Amino acid sequence: KFFLREFIQEIYLTSTRNIIHFEPQFARYDGELIYTLRPGQFIFSNIEFKNEFRVNHLGLRDDEESLLAPEVIVAGDSSAMGWGVNQDETFAEIIEQNSGHKVLNAAISSYGTAREMRILNRVDTSRLKYLIIHYMDNDFDENEAFFKNGDYLPMMTHIEYQQLIQTYRKGKRYHFGKYIGKVINEISFNIKDRLPHRRNSHLSQNRRGEEAGLFLNAVIYAS
């Protein structure tokens with residue numbers, strides 16, 4: 001049962017799930033940020049949810065009024081943006097409802113800390129009191145790339161972004177033997193994962209320290 005659940009999850013995440021920033025009707029290319037959400041109203045759905053998005057002219061999941069001198073800004077990726085929840089259930093909306101402050105949701109799916117800070121350059125921060133940054137472990141790669149490139153984040157060209165979309169679409173198409181190959185890969189992964197191995201706690205400590213350092217570097221130098 002455990003293996004079957006993992007396999008179904010793997011199929012869903014890699015071959016079935018709709019990803020908002022790879023769908024042209026929901027996202028648009030941006031030369032400095034790779035993509036933002038597409039302004040307007042639309043319904044974004046997956047098997048387990050169906051939610052309305054209202055996106056302002058900056059490509060953020062919030063209304064135009066929230067762009068005018070917000071007191072609180074929420075930066076982050078899909079979790080803070082509100083993946084799988086309605087507009088009034090996002091972190092930003094809940095904070096606004098309970099604090100009385102004007103709050104802007106500046107989070108966009110798959111952004112790392114570097115892009116989260118960079119998009120703030122487009123936002124009115126004249127009355128900003130609180131900046132809330134939602135961190136996820138998958139921010140590490142972007143923050144590391146930013147640091148290793150001398151505090152510069154390499155951007156995709158429009159053509160490269162389109163190629164990424166084509167790869168995403170190709171991965172969602174069915175072809176003969178597609179799921180058999182995934183079963184074999186999943187079995188192989190589970191066998192390796194259950195082999196005896198040693199864990200170095202010092203490496204874990206170092207990784208946590210490195211993550212924190214890269215996060216702070218992006219916060220300071222990416223804006």
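**Side-chain contacts, up close**

Author: Let's start with Glu-65, which is partly exposed, with a relative accessible area of 45%. Keep in mind that this is a predicted model. Glu-65 pairs up with Lys-102 in a salt bridge, and their closest N and O atoms are 2.8 Å apart. Lys-102 sits in the loop between α3 (91–99) and β6, while Glu-65 is in the loop between β4 (49–55) and β5 (72–75), so this bridge ties together parts that are 37 residues apart in sequence. Lys-102 is partly exposed too, at 22% relative accessibility; the buried class would need a value under 20%.

That bridge belongs to a set of 9 salt bridges in the structure. Another one is Glu-32 with Arg-122, where the closest N and O atoms are 3.1 Å apart. Here Glu-32 comes from the loop between β1 (27–30) and β2, and Arg-122 from the loop between α4 and β7, so the pair links distant parts of the chain, 90 residues apart. Glu-32 counts as partly exposed at 47% relative accessibility, and Arg-122 as partly exposed at 31%.

What about a bridge inside a helix? Glu-144 and Lys-148 meet in one, at 3.4 Å from N to O. They are 4 residues apart in helix α5, which means about one helical turn separates them. Lys-148 is exposed, with a relative accessible area of 63%. Going back to Arg-122, there's a network to point out: salt bridges with shared partners join Asp-30, Glu-32 and Arg-122.

Now for the rings. The structure holds 12 aromatic pairs. Take Tyr-35 and Tyr-111: their ring centres are 5.8 Å apart and their planes sit at 55°, so this pair counts as tilted. Tyr-35 is in strand β2 (residues 34–37) and Tyr-111 in the loop between β6 (103–105) and α4 (113–119), a link between distant parts of the chain, 76 residues apart. Both ends are tucked away: Tyr-35 is buried at 4% relative accessible area, and Tyr-111 is buried at 0%.

Tyr-135 and Phe-215 make an edge-to-face pair, with 5.5 Å between centres and 80° between the planes. Tyr-135 lies in the loop between β7 (130–133) and α5 (140–148), and Phe-215 in helix α8 (residues 201–221), so the pair ties together parts that are 80 residues apart in sequence. Tyr-135 is partly exposed, with a relative accessible area of 27%.

Ring pairs link Phe-26, Phe-42, Phe-44, Phe-49, Phe-53 and Trp-83 into it.

One last thing, on confidence. The chain has a mean pLDDT of 88, with 83% of its residues at 70 or more. Over residues 194–199, though, the pLDDT is below 50, and beyond near neighbours in sequence this stretch has 1 contact in the model.

Definitions and conventions
Residues numbered from 1 in each chain as written. Heavy atoms only, no water. Phe/Tyr/Trp six-rings, centres within 6.5 Å; stacked < 30°, edge-to-face > 60°. Helix = DSSP H or I, 4+ residues; strand = E, 2+ residues; numbered from the N terminus. Buried < 20%, exposed > 50% of the residue type's maximum accessible area, 1.4 Å probe, protein only. Salt bridge = Lys/Arg side-chain N within 4 Å of Asp/Glu carboxyl O. pLDDT = per-residue confidence, 0-100. Contact = heavy atoms within 4.5 Å.
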